Amino acid sequence: MVAARELARRGHHVMLISYSARNDYAAWLSDSAAEYVQVRRRGLLRIARLLQIRRLLQRGRIEVAHCFKEPSSVWGRMAAKLAAVPCIFAGARGLTRQGRISGWLNRRLTAGTAGWIVNSGAIRDYLVSTHRFQPDIVHVVPNGLDLQGVRAVDRDDARRRLGLAPGVPVVAVVANLRAVKNHAMVLRAARRLKDQGIETVFLLAGEGPLRDELQSMAKELDVADTVSFLGHRDDVWDILCASDIAALASHSEGLPNCLLEAAAAGQPAVSTANGGSADVIVDGETGFLVGLDDDEAMAEKLARLLNDEHLRRRMGLAARERVLKEFSVEKYGDRLIRT
């Protein structure tokens, strides 16, 4: 949707097609010239959806189709081929293994694909090494951060709204409570900080199937008093502005928007070297990268930042400068058009 807004702003005819009821972008695009259409999943093998997308592409006289990620990289390309769209790009946004059927379909569709658009070097390397794609057809276009809705937030006011005690250090973790996000590592790191006598509050923003399990784990580790499970939030920007550090413990990431947003809020981050995080964090300059599932290293880097306000501020400013320079929507649009 960021791409749709930016390309429409530049005068291009843009049609955003979605077939997930969870992704209703109508309100978000209401002030944009981009056209938004939601199609339904229905029919044998979703043939009705495929034909509906073909009709939309033909009606709009679409010249370039960007099939954003799985499963649209399969269904979208099939529909685009049926609609005789002259230029078709596939897309991938994460380090996920393809199923047997989708993998077979992707290989069959490759001959008519102009290239793949991915959002991190880690995904490019994965496609080249695992699926043996030629490097010159895999184009890295990092996410663009849309700051249109970002407003100036008074840190003290944000902390009061969140019920935070004055002066308490805060670590924000913005991620759905799913296995791949590995919140258990964050909880173990919180236990290590508590053992060191470092007063810290962890704000976990996100909902998911592991909430009950993680809350039980927090009680077992005796960190329930320092870890707050906030659930789904619409005030993530407030949470980040009220925090001192961002953390992410994922096993795998494409390019995590939560780290881009934290950097825009001026927060350094500590993240696992999970693929895409390395495209956001310059280790030792804008934050720290640690090994997968290495809660000891995460606790050590968090402690270093929490105990050194000067380092925290310096890294936060560097993170903000980098994200505004390298991950703006304008730069995102430039990269898409060049591709």
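**Threonine 272 and its surroundings**

I begin with one side chain: that of T272 reaches the backbone oxygen of S250 at 2.6 Å. This is a polar contact, that is, a pair of N or O atoms within 3.5 Å; within protein, one must be able to donate a hydrogen and the other to accept it, and residues adjacent in sequence count only if both atoms are side-chain atoms.

Two remarks on the basis of the work. This is a predicted model, in which local features need pLDDT of at least 70 and side-chain atom pairs count only at pLDDT 80 or more, while totals for chains, interfaces and linings use all residues. Residues are numbered from 1 along each chain as its sequence is written, and side-chain values use heavy atoms, with hydrogens and water left out.

T272 belongs to strand β11, residues 269-272. Strands (E, at least two residues) and helices (H or I, at least four) are DSSP runs, numbered from the N terminus. Is T272 buried or exposed? T272 is buried, because its relative accessible area is 0%; buried means under 20%, exposed over 50%, and partly exposed in between, with a 1.4 Å probe and protein chains only. Leaving aside residues up to four places away in sequence, T272 touches several others, including M185, L248, S277, L289 and D293. Contact here means heavy atoms within 4.5 Å.

M185 brings us to helix α7, where it is one of the buried residues, together with H183, A184, V186, L187, A189, A190 and L193. The 13 residues of α7 (183-195) should span 18 Å at 1.5 Å a residue, and the end C-alpha atoms are 19 Å apart, which agrees. The expected span is 1.5 Å times one less than the number of residues. After α7 comes G197, with a positive phi near 75°.

The largest nonpolar core has 36 residues, and L164, L203, L240, L259, L260 and V323 have the most contacts inside it. Among the elements that each supply at least two residues of this core are β7 (170-174), α9 (236-242) and α13 (309-326). Apart from it lies another core, of 34 residues, among them V173, A190, L193 and L214. By nonpolar core I mean a set of buried Ala, Val, Leu, Ile, Met, Phe, Trp, Tyr and Cys residues joined through side-chain atoms within 4.5 Å.

Next, the second largest pocket, which holds about 340 Å³ of space. Of its 14 lining residues, R155, S243, G266, Q267 and R313 are the closest to its centre. Helix α13 gives the largest share of the lining, 6 residues. On a 1 Å grid over the protein atoms alone, a pocket is an open set of points where a 1.4 Å probe fits, with protein on both sides within 12 Å along at least five of seven lines; lining residues have an atom within 4 Å of a point.

Finally, the loops. T226 sits between α8 (211-220) and β9 (227-231), and it counts as buried because its relative accessibility is 16%. D222 lies in that loop between α8 and β9, and has a positive phi of about 60° although it is not a glycine. At 44% relative accessibility, D222 counts as partly exposed. R61, also not a glycine, has a positive phi of about 50°; R61 is exposed, with a relative accessible area of 73%.

Definitions and conventions
Points joined across faces, edges and corners; volume = space filled by probe spheres on them.
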